[in-house]
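These are my notebook entries on one structure. Each entry records what I looked up and what I found.

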Amino acid sequence: MDAVVKKLLRESGGTFAEEAGITLKDQPAALFKLLVLANLLSARISSDIALAAARELFEAGGGTARGMARLTWQERVDALGRGHYVRYDESTASRLGDMAEIVEDRYKGDLRRLAVEAGRDPEKAADLLREFPGIGPTGVDIFCREAQAIWPWLRPYVDDQVKKGAERLGLPSDAGELASQVPEKDLARLTAALVRVARDKKFADHLKAA
């Protein structure tokens, strides 16, 4: 493994899901939490605030589709506020409630059904994900980039932010070539780390100075 990649994984190798306290498994609760996180991270707000808001929502009982749907709008607003997600709290609270109801009604609370409906095809899965309120192209990228840790059929999922980070470090931006830099089990960690590099030029310069 390239020395820069090793240092990158060592210093910024956790996924965003891990930072939000999500233990990713191919199970309904974990997948729903990831969808919530993708929704929160899609807004023009710092990732630290989005992660904090996600943790507050899960603590309040919104860690499953049923739990999120049972929270009142005000309870969702309050949880977002505790995470300092105040700029978009009211609209986001509404979207999260609507999203939870769609997961409950269409997928019986289990996003593994989305994978089945998509025929485990990444493009079809992206189309289905975009049907959720608050999930656009950015949200799709976040969800799929993280979900590739547990859904092998998504690999390698390398979006524009990952490519930008790779280019900053002089790593290949081609999905296949980039994926070959690490074992499959580390690909989600690598892509998350490269997103951080894309957002933080100082971090990129620090890594290249090794």
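**Entry 1: a term, and Glu11.** I call a residue buried when its relative accessible area is under 20%, exposed when it is over 50%, and partly exposed in between. I then looked up Glu11, and because its relative accessibility is 38%, I recorded Glu11 as partly exposed. I note that the model is a predicted one. Glu11 belongs to helix H1. Setting aside neighbours within four places in sequence, I found Glu11 in contact with Phe203, His206 and Leu207. With His206 there is a polar contact between the two side chains, at 2.8 Å. I also looked up the spacing of Glu11 and Phe203: their C-alpha atoms are separated by 9.8 Å, although the two residues are 192 residues apart along the chain.

**Entry 2: the domains.** I looked up how the chain is divided. Domain 1 takes in 3-14 + 157-209, and domain 2 covers 17-135. I recorded 26 Å between the C-alpha centres of domain 1 and domain 2.

**Entry 3: helix H13.** I turned to helix H13, which runs over residues 187-199 and has 13 residues. From its first C-alpha to its last, H13 reaches 19 Å, close to the 18 Å expected at 1.5 Å a residue. Is H13 largely enclosed by the rest of the structure, or largely open? I recorded it as largely enclosed, because eleven of its 13 residues are buried. Among the buried residues of H13 are Leu187, Leu190, Leu194, Val195 and Val197.

**Entry 4: Glu146.** I next examined Glu146, which sits in helix H10. Glu146 is buried, yet I found no salt bridge for it. The nearest side chain of opposite charge is that of Arg145, at 5.0 Å. The salt-bridge cut-off is 4 Å between a side-chain nitrogen of Lys or Arg and a carboxyl oxygen of Asp or Glu. What lies 3.1 Å from a polar atom of the Glu146 side chain? I found the backbone nitrogen of Phe16 there. Leaving aside neighbours within four places in sequence, the contacts of Glu146 include Thr15, Phe16, Ala17, Leu24 and Leu34.

**Entry 5: salt bridges.** I looked up how many salt bridges the structure holds, and the total is 13. One of them joins the side chains of Glu131 and Arg106, with 2.3 Å from N to O. Glu131 lies in the loop between H9 (122-129) and H10, and Arg106 lies in H7 (residues 89-107), so this pair ties together parts that are 25 residues apart in sequence. Both partners are partly exposed: I noted 45% relative accessibility for Glu131 and 36% for Arg106.

Another salt bridge links Lys185 and Asp186, whose closest N and O atoms are 3.4 Å apart. Here I recorded Lys185 as exposed, at 64% relative accessibility, whereas Asp186 is buried, at 9%. Asp186 also meets Arg189 in a salt bridge, at 2.9 Å from N to O. Arg189 is partly exposed, with a relative accessible area of 25%. I then noted one network, in which salt bridges that share partners join Arg106, Glu117 and Glu131.

**Entry 6: backbone details.** Which peptide bond is cis, with omega near -10 degrees? I found that it is the bond from Arg155 to Pro156. Pro156 is located in the loop between H10 and H11.

I also noted two residues with positive phi. His84, although not a glycine, has a positive phi of about 65 degrees. His84 sits in the loop between H6 (73-82) and H7, and I recorded it as exposed because its relative accessible area is 57%. Lys108, likewise a residue other than glycine, has phi near 55 degrees. The place of Lys108 is the loop between H7 and H8 (112-117). With 56% relative accessibility, Lys108 counts as exposed.

Note on methods. Residues numbered from 1 in each chain as written. Predicted model: local features only at pLDDT ≥ 70, side-chain atom pairs only at ≥ 80, totals over all residues. Heavy atoms only, no water. Helix = DSSP H or I, 4+ residues; strand = E, 2+ residues; numbered from the N terminus. Expected span 1.5 Å × (residues − 1). Buried < 20%, exposed > 50% of the residue type's maximum accessible area, 1.4 Å probe, protein only. Lys, Arg positive; Asp, Glu negative; His and termini not counted. Polar contact = N/O pair within 3.5 Å; in protein donor to acceptor, adjacent residues only side chain to side chain. Contact = heavy atoms within 4.5 Å. Domains from an automatic or database assignment.
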